Each structure stands twice: as structure tokens, then as C-alpha cells.
Amino acid sequence: MAPTAALDIDVFSNGKVKIESLSGEALITKDITIKVTDTNGNSKGTGNLYSEDGTKGYKGLSFTPGTTTVVTLESASVNPGDYVTVTILADGKHIVAKKDVLVKA
């Protein structure tokens, strides 16, 4: 079963996704993946919440309420003004959060 968490999510045209945990359960970072798709469901980039050195995501083992991080997407292809859907998955299959956002410059 997926953890429950309220997340604030922003996507930027440089391929970065800002995630803030507002409330809910701590997320085990190594189990969390981020998928960004366009309005037709085509992949626009993927990433992982956990980053060993903190350069592409969160360095800690759990992501708790009150924590903010920026994840770098692999193969990002987003433009300012595009609408995208960000899906946060636990274990690659359980949806933790899903949000439609406008890509910022």
C-alpha cells in the first residue's frame, strides 16, 4: 500500500521538479520515483526522490513533512507554459501523489 502524503509540486523548464512535503507519512526515498508526462500521456522525464550525493534529489533516507527538495529529471523535455502531469510513485506502482502543473521558466 502506498504511503499517504500531501505534496506541493512545481516543474521548471530546466528539467527540475520541486517537491515539498506538506503533511502525511514520511516517504522512504529509495522507493519513490517521479514521472512527468504531457497531456497525451507521453513521457517528458523521470527521476528518483533519492540521490546519493544530493545533486539530483533528496540525500536523506526518508522525506518527511516540512521537507523540500529539487529533483533533476532524466531526459527532461518540458517547456515554459506546457501543462504536464507529475506522478509520484512508491515501489514503481502505487500512486502517492498526482498533480497537473504548468511548467515554469
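**Sheet pairing and core contacts**

In this predicted model, strands E4 and E8 pair in the antiparallel sense over six bridges. Within this pairing, Thr37 has Thr85 of E8 as its bridge partner. On its other pairing, E4 joins strand E5 (residues 43–48), again in the antiparallel sense and over five bridges, and here Val36 stands opposite Gly45 of E5. The hairpin formed by E4 and E5 has five residues between the strands, and Gly41 takes a positive phi near 85° in this hairpin. Strand E8 also pairs with E9 in the antiparallel sense, over eight bridges, with Val101 of E9 as the bridge partner of Val84.

Taken together, these pairings belong to an open sheet of four strands in the order E5-E4-E8-E9, with antiparallel pairing. E5 and E9 are the edge strands, each of which pairs on one side only, and the twist averages 15° from one strand to the next.

The largest nonpolar core comprises 24 residues, of which Leu7, Ile19, Ile34, Val86, Ile88 and Val96 touch the most other members. Two or more residues of this core are given by each of strands E1 (5–11), E2 (16–24), E4 (32–37), E8 (83–90) and E9 (94–102). When residues up to four places away in sequence are not counted, Val86 touches Ile9, Val11, Ile34, Lys35, Val36, Ala97, Lys98, Lys99 and Val101.

Terms used: Residues numbered from 1 in each chain as written. Predicted model: local features only at pLDDT ≥ 70, side-chain atom pairs only at ≥ 80, totals over all residues. Heavy atoms only, no water. Core = buried A, V, L, I, M, F, W, Y, C linked by side-chain atoms within 4.5 Å. Buried < 20%, exposed > 50% of the residue type's maximum accessible area, 1.4 Å probe, protein only. Contact = heavy atoms within 4.5 Å. Pairing = 2+ DSSP bridges. Axes fitted to C-alpha atoms, helices over the stretch in contact; angles between N-to-C directions.
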